[in-house]
Amino acid sequence: MKPETVAIHAGNFYKTSTNDVTLPINLSTTFLRDEDGGYSGGHMYSRVSNPNRTALEKALTELEKGAGACAFSSGNTAGMALFQALKPGSHIIAPDDMYWGFKKQLQTIFKDTLAFDFIDLTRVDEIAAHIKENTVLIWAETPSNPLLKITDIAAISRLSKKHGLLFACDSTFASPCLQNPIALGADIVMHSSTKYIGGHSDVLGGILVTAALNEFWDKVKNIQETGGAVPSPFDCFLLIRSIKTLPYRMRGHCTNGMALALFLEKHPAVEKVFYPGLSTHPQHEIAKSQMSDFGGMLSILVKGGAEEARKVVNSVQLFAQATSLGGVESLIEHRASIEGPTTKTPPNLIRISAGLEHIDDLIADLEQALS
């Protein structure tokens, strides 16, 4: 089935006594045992599984063309579960342009148990040069945050398989509707479901989807069930509700993202635009080959420095100056100021999440702010 159909129907696989068309919220934390001690209803305790979470995991497994999924209470806990499943002393190759939350995890929480190198993953030769005896994982992020770099998923998959490495891909900026890393050879795909999957800035969540049900996935599943950092039934209900409109929302985000990129590329107050849909983007052809569209995320360099960038984000009237992305409302943020003093993000960079407002209104707001 096509993504639009999967998104609507994949989460509706339970038949209830009231014949609900949409799966209701099941708040029970525990479930009845049979006379023989079994659980014919399929659930024992809600930390381990719940009808709403099972529905969410099934829908995202199908959308990402995987073999199984684990839902978590946030994107950070999803990524952390994968890092926790690695043996102490393991070496990770990660991108130099990377979501700061995951980079902070590696540099603070895992600094004494894991080794890691942050390199330019757009250069496959650089990745190969950094593979060591204890390297076990290549962690990619494409498009990347906040410079919108594009990683060649198929090329890294070939390299990882050649060296027997695990290959995981953070595909949050793309969503399952624009890119399927597993179909391109990745072993695991990760999403912050807070973003496009949730799409309304009202629910926190994360998801890991695996290409194979193997020993490593069993470790991840154990961390989810035993560690217990799982989304609530209501969170899962909200995410399932949002997934039903995800393919259509993504079309609007992509249309507005491209229009903003083209407008900003010609603006005299803008030094540079980072958007994979532009022909001037250095990895534009790779993006075309592995994405069905280019998303609603873009970044710009304002002419000047941090002061000029802050003036712009403080002058918008329609864009909300806020962290996060992927919601129906457009967001704008001076990125370096949230990432702290060790950030490598340029001080004049502004990150933009194109929402679903009318494009003329978005352009008019940026025009007056840049002026």
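Modeller: Here it is, a predicted model.

Biologist: What is the strand order in the open sheet of seven strands?

Modeller: The order is 1-7-6-5-4-2-3, and the pairing is mixed. Strand 1 (68–72) and strand 3 (115–119) are the edge strands, each pairing on one side only.

Biologist: And how many degrees are neighbouring strands turned against each other on average?

Modeller: 20 degrees on average, with direction ignored.

Biologist: Strands 6 and 7, in what sense do they pair?

Modeller: Antiparallel, over four bridges. Strand 6 covers residues 188–191 and strand 7 covers 206–210. One of the bridge pairs is Ile 188 with Thr 210 in strand 7.

Biologist: Which strands does helix 2 lie across?

Modeller: Strand 1 and strand 7. Helix 2 spans residues 51–63 and runs at about 130 degrees to strand 1. Helix 6 (residues 153–162) lies across strand 4 (135–141) and strand 5 (166–170). Its angle to strand 5 is about 160 degrees.

Biologist: Switching to the surface. Which residues make the nonpolar patch?

Modeller: Ile 25, Leu 27 and Phe 234, with about 290 Å² between them. Ile 25 sits in the loop between helix 1 (3–9) and helix 2.

Biologist: Now charges. How many salt bridges are there?

Modeller: The count is 15. In one of them, Glu 4 meets Arg 251 at 2.3 Å, N to O. That pair links distant parts of the chain, helix 1 and helix 9 (residues 246–265), with the two residues 247 apart.

Biologist: Are Glu 4 and Arg 251 buried or partly exposed?

Modeller: Partly exposed. Glu 4 has 21% relative accessibility, and Arg 251 has a relative accessible area of 41%. The cut-off for buried is under 20%, so Glu 4 at 21% does not count as buried.

Biologist: What does Glu 333 pair with?

Modeller: Arg 335, at 2.7 Å, N to O. Glu 333 also meets Arg 351, at 3.7 Å. Glu 333 lies in strand 11 (residues 331–334) and Arg 351 in strand 12 (residues 349–353), so this pair ties together parts 18 residues apart in sequence.

Biologist: Buried or exposed, those two?

Modeller: Buried. Glu 333 has a relative accessible area of 8%, and Arg 351 has 4%. Arg 335 is buried as well.

Biologist: Which residues are in the network?

Modeller: Glu 333, Arg 335, Glu 339 and Arg 351, joined by salt bridges that share partners.

Technical notes
Residues are numbered from 1 along each chain as its sequence is written. This is a predicted model: local features need pLDDT of at least 70, side-chain atom pairs count only at pLDDT 80 or more; totals for chains, interfaces and linings use all residues. Side-chain values use heavy atoms; hydrogens and water are left out. Two strands pair if DSSP finds at least two bridges between them. Axes are lines fitted to C-alpha atoms, for helices over the stretch in contact, and angles run from 0 to 180 degrees between N-to-C directions. Contact means heavy atoms within 4.5 Å. Patches are made of residues with over 30% relative accessible area and no salt bridge: like charges are joined within 9 Å, nonpolar side chains (Val, Leu, Ile, Met, Phe, Trp, Tyr) within 5 Å. Accessible areas come from the Shrake-Rupley method with a 1.4 Å probe; for residues, only the protein chains shown count as cover. A salt bridge is a side-chain nitrogen of Lys or Arg within 4 Å of a carboxyl oxygen of Asp or Glu. Buried means under 20% relative accessible area, exposed over 50%, partly exposed in between (1.4 Å probe, protein chains only).
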